[in-house]
Amino acid sequence: MKLSDGIEQAIHSVSMLATLPPGDVLSAAALAEFHGVSTSYLLKHLQALSRAGILATIPGPKGGYHLARPPENITLLDITLAVEGPEPAFRCREIRRNGPNPPPDSFFTAPCQINAAMLRAERIYRAELAKTTIAALLAQVERDDDGTIAARGCAFLEANARHKKPRTP
């Protein structure tokens with residue numbers, strides 16, 4: 001199974017947005033710059049995440065993106081479904097019916113065993129993605145980080161985060 005590059009970009013973008021201080025947003029251009037990816041391609045996925053209720057947007061030249069819900073309530077499955085859509089990765093086209101001398105229709109009363117096996121695997125795959133939250137991923141990164149990742153992210157956020165509300169001292 002191959003997922004689009006948009007999945008990786010979406011997960012990293014959501015993870016970065018989860019580290020924003022309350023009241024801050026990041027532009028799509030800033031997220032794209034940090035990850036070294038195309039702004040236009042990333043923007044398509046950020047919009048899908050917004051439609052799915054994972055991200056919220058602040059419009060305008062000082063606007064940007066922030067999480068629409070807490071990182072502990074966002075799973076890898078949520079992100080994958082927002083970017084890739086809800087359809088299963090495997091789609092049976094019933095090619096058993098094709099070719100010369102296909103079997104009679106009575107042969108097709110039960111689902112294709114290949115399709116059934118692939119759907120079982122999909123359920124397991126999705127269940128695993130549903131178990132992993134952005135908060136859990138960030139906690140793992142924090143445990144593994146020697147300070148390098150945090151310093152890079154903090155410096156970038158300091159330079160690029162936009163304040164949607166005035167900060168109070």
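Visitor: Let's start with glycine 153. Which helix is it in?
Guide: Glycine 153 belongs to helix α7. Helices here are DSSP runs of H or I with at least four residues, strands are runs of E with at least two, and both are numbered from the N terminus.

Visitor: Before I go on, what sort of model is this, and how do I read the numbers?
Guide: It's a predicted model, where local features need pLDDT of at least 70 and side-chain atom pairs count only at pLDDT 80 or more, while totals for chains, interfaces and linings use all residues. Residues are numbered from 1 along each chain as its sequence is written, and side-chain values use heavy atoms, with hydrogens and water left out.

Visitor: Okay, back to glycine 153: buried or exposed?
Guide: Glycine 153 counts as buried because its relative accessibility is 13%. Buried means under 20% relative accessible area, exposed means over 50%, and partly exposed is in between, using a 1.4 Å probe and protein chains only.

Visitor: And how far is glycine 153 from threonine 19?
Guide: Their C-alpha atoms are separated by 8.6 Å, although glycine 153 and threonine 19 are 134 residues apart along the chain.

Visitor: Switching topic: how many aromatic pairs turn up?
Guide: A search of the whole structure gives one. The partners are phenylalanine 34 and phenylalanine 156, with ring centres 4.8 Å apart and planes at 55 degrees, which makes the pair tilted. Rings of Phe, Tyr and Trp (its six-membered ring) pair if their centres lie within 6.5 Å; planes under 30 degrees apart are stacked, over 60 edge-to-face, and the rest tilted.

Visitor: Which parts does that pair tie together?
Guide: Phenylalanine 34 sits in helix α2 (residues 28-35) and phenylalanine 156 in helix α7 (residues 148-160), so the pair links parts that are 122 residues apart in sequence. Both phenylalanine 34 and phenylalanine 156 are buried.

Visitor: What about histidine 35, where is that?
Guide: Histidine 35 is in helix α2 too. It counts as partly exposed because its relative accessibility is 25%.

Visitor: Now pockets. What's the volume of the largest one?
Guide: About 610 Å³. A pocket is an open set of points on a 1 Å grid over the protein atoms alone, where a 1.4 Å probe fits, with protein on both sides within 12 Å along at least five of seven lines; lining residues have an atom within 4 Å of a point. Points are joined across faces, edges and corners, and the volume is the space filled by probe spheres set on them.

Visitor: Which residues are closest to the centre of that largest pocket?
Guide: Of its 18 lining residues, those are Ser15, Thr19, Leu138, Val141 and Ile149. At least two lining residues come from each of α1 (5-17), α2, α6 (134-144) and α7. The largest share is from α7, which supplies six residues.

Visitor: How does that lining divide by class?
Guide: There are ten nonpolar, five polar and three charged residues in the lining of the largest pocket. Ala, Val, Leu, Ile, Met, Phe, Trp, Tyr, Cys and Pro count as nonpolar, Asp, Glu, Lys and Arg as charged, and the others, Gly among them, as polar.

Visitor: And what about the second largest pocket?
Guide: That one has a volume of about 170 Å³. It has 15 lining residues, and Leu3, Glu84, Glu87, Ala89 and Glu122 are the closest to its centre. Helices α4 (76-84) and α5 (113-131) each give at least two residues to the lining of the second largest pocket, and α4 has the largest share with four. By class, this lining holds seven nonpolar, two polar and six charged residues.

Visitor: Where does glutamate 128 sit?
Guide: Glutamate 128 is in helix α5, and it is partly exposed, with 43% relative accessible area. The C-alpha atoms of glutamate 128 and leucine 76 are 8.7 Å apart, with the two residues 52 apart in sequence.

Visitor: Last one: what phi does asparagine 101 have?
Guide: Asparagine 101 has a positive phi of about 55 degrees, although it is not a glycine. Most residues other than glycine have a negative phi. Asparagine 101 is in the loop between α4 and α5, and it counts as exposed because its relative accessibility is 74%.
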